[in-house]
Amino acid sequence: ALAENKCTKQRFTGFTMVQPTVSTDNANNDALQTLINGDADAMWVYADQAKNYQCGDGVTPNWDCNLWGGFGTTFAYIQTGLFGHAKAGTTLAMSKKGSGLAEILNPCIDKFLLTKDYYDACKKHGFEDSCFENEHFPTATVTDLVWEKPTDQLTTTCADGYCPCPSV
């Protein structure tokens, strides 16, 4: 694996990737249900996914609210802050190695990240806490997001949904 275990400071090894054993119209539901059913020992998902999948007033979910409502009771994250494998955690474009696409896109992305339009897009979609801040973000938006902290820096418990490193 390309990511480092934040508790052992070693890369993850000795695992086998498995396909979900459940099939619905939502891949995250499928992966979590596979975990809950005991057909997998862990799943790889954004560390804010469970928070984003909580249901409540004003939410029109396309996911299983009961399943994801088990956050902190039925399931919890055992690793967070794994950013070594990707810049910002999302692949915006894929191309053949050496194609030069990155050299074309990266300057455009870097330029856009500095604009008010970028801030406005983040605000419109409720991602102010997850976006890269620029001069257009109010300084009061800076928060300490638990899912962005490396596991070895967590002060939470599994009941909070984010397990710290085990004591040794």
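A salt bridge is a side-chain nitrogen of Lys or Arg within 4 Å of a carboxyl oxygen of Asp or Glu. Keep that in mind as you explore this predicted model.

**Stop 1: the whole chain.** Show the protein as a cartoon. The C-alpha trace spans about 45 × 45 × 40 Å along its principal axes. Of the 168 residues, 26% are buried.

**Stop 2: the charges.** Now colour the charged side chains. How many salt bridges does the count come to? The count is three, and the next stops visit them.

**Stop 3: inside a helix.** Select Lys116 and Asp120. Their closest N and O atoms are 3.0 Å apart, so by the 4 Å cut-off they form a salt bridge. Both residues sit in helix α5, four residues apart, which means about one helical turn separates them. Lys116 is partly exposed at 45% relative accessibility, and Asp120 is partly exposed at 31%.

**Stop 4: across the sequence.** Next, select Lys9 and Asp152. This salt bridge has its closest N and O atoms 2.2 Å apart. Lys9 lies in the segment before α1 and Asp152 in the segment after α5, so the pair ties together parts 143 residues apart in sequence. Asp152 has a relative accessible area of 35%, while Lys9 has 42%.

**Stop 5: near the start of the chain.** Finally, select Glu4 and Lys6, whose side chains meet in a salt bridge at 3.5 Å, N to O. Which of the two is buried, and which is partly exposed? Lys6 counts as buried at 17% relative accessibility, whereas Glu4 is partly exposed at 31%.

Key
Residues numbered from 1 in each chain as written. Predicted model: local features only at pLDDT ≥ 70, side-chain atom pairs only at ≥ 80, totals over all residues. Heavy atoms only, no water. Buried < 20%, exposed > 50% of the residue type's maximum accessible area, 1.4 Å probe, protein only. Helix = DSSP H or I, 4+ residues; strand = E, 2+ residues; numbered from the N terminus.
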